[in-house]
Amino acid sequence: MAEVGLLAFARTALEVGRAVLPPYRTRFSKHQFTQPQLLAILCLMRYEDWTFREAEVRLGEHRELREILSLSRGPDFTTLYRFLHRLDGPTIDRAVGETVRRMRSWRHGGRRRARVAVDATGLAQGAVSTFFVRRMHHHGQKPLPWRHWLKWVVGADLEQQFLLSQSARRGPWNDCASLPTIVEAASRQTRIGLVLADAEFDSERNHIYIRSQLGAQSVIPAKRGKKTWRIHGVRAEMRRAFPRRIYRRRALIESLFSSVKRKLSARAPGRSLHMQTRQALLLGLSFNLYRLWHRCLFLRMSTEPIIL
């Protein structure tokens, strides 16, 4: 995407990084770059869809960006790669939680329970044009260039349009059993009143977990199995009287996926599954930072006096 708000985004990413990471990993570190600085650069890479070498070049050219990040010089691309390789999932989860805490602190009527949707989408492994791939597959009758892709599962706040929890793994894969983990991680960020999910997550066990453990309402279409099968419990209630008006709100998570892929990136690049997973989790963190920056901009503009 175009470099719009790059300095403000870098400032926000650095503030969140300082809140969740110590300056240095060990006392034997070289003390050339801090961990919050490197995390902010990785988020900038996801925000602008840079490669490691492009990030090194752009930081070398952009003096104002180095000043925002308190850098005397830009790090080498191998430094960024090694830091991403060491970066673990819990650290990214803490950063996502920090962005959620900051966004929800500005929410009016914060006692209201959140409406959460759980869904998954696929991320490309490289920069190959998806239009070119589909054209070669349908018109040329050629097989797809890959057998697997990265599946990104997200739990999102529908009203505020930001991520609460996320996970990534190699697809294709059925993520029905992963819904309790995603919802539990989201419940640590905010109180949940409603959980919406599509038929992939249709399971009586998921309904029972959401309603008994979280005390929230669950709406998942009961489409697994044949129509002649006898089902019981909440799934039978979903088949008998499905709340369609409530379930319509689930489409908002598709808008969130569209915003991520249009404004940031639709890729999770990397030669190994470990790096692809880290890139996907960083994409979710970068989107929350993008939303946080836009929220700060909106609040600042709304509180400034209007001069006629």
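Keep in mind that the model is predicted.

**Stop one: the aromatic rings**

Seven aromatic pairs turn up in the structure. Select F9 and Y47 to begin: their rings are stacked, 4.1 Å centre to centre with 10° between the planes. Now colour by helix, and you'll see that F9 belongs to helix α1 (residues 6-20) and Y47 to helix α2 (residues 35-48), so the pair links distant parts of the chain, 38 residues apart.

How are the rings of Y47 and Y290 arranged? The centres are 6.2 Å apart and the planes sit at 40°, so this pair counts as tilted. Y290 is in helix α13 (residues 273-303) while Y47 is in α2, so the contact ties together parts that are 243 residues apart in sequence. Is Y290 buried or exposed? Y290 is buried, with a relative accessible area of 9%, and for Y47 the value is 0%.

Switch to a backbone view. Most residues other than glycine have a negative phi, and most peptide bonds are trans. Here are some exceptions to look at.

Go to the bond from G171 to P172, which is cis, with omega near 5°. You'll find P172 in the loop between β3 (162-171) and α8 (179-187).

Next, pick H31, in the loop between α1 and α2. Its phi is positive, near 60°, although H31 is not a glycine. With 43% relative accessibility, H31 counts as partly exposed.

Then jump to S70, in the loop between α4 (63-68) and α5 (77-86). S70 is another non-glycine residue with a positive phi, about 60°. S70 is partly exposed too, at a relative accessible area of 45%.

**Last stop: a positive patch**

Bring the surface back and select K223, K227, R239, R244, R245 and R248: together they form a positive surface patch. Zoom in on R244, which lies in helix α11 (residues 244-247). Why does R244 count as exposed? Because its relative accessibility is 61%, and the cut-off for exposed is over 50%.

Methods
Residues numbered from 1 in each chain as written. Predicted model: local features only at pLDDT ≥ 70, side-chain atom pairs only at ≥ 80, totals over all residues. Heavy atoms only, no water. Patch = residues over 30% accessible without salt bridge, like charges linked within 9 Å, V, L, I, M, F, W, Y side chains within 5 Å. Areas by Shrake-Rupley, 256 points an atom, 1.4 Å probe, with all protein chains shown as cover. Salt bridge = Lys/Arg side-chain N within 4 Å of Asp/Glu carboxyl O. Lys, Arg positive; Asp, Glu negative; His and termini not counted. Charge placed at Lys NZ, Arg CZ, Asp CG, Glu CD. Helix = DSSP H or I, 4+ residues; strand = E, 2+ residues; numbered from the N terminus. Buried < 20%, exposed > 50% of the residue type's maximum accessible area, 1.4 Å probe, protein only. Phe/Tyr/Trp six-rings, centres within 6.5 Å; stacked < 30°, edge-to-face > 60°.
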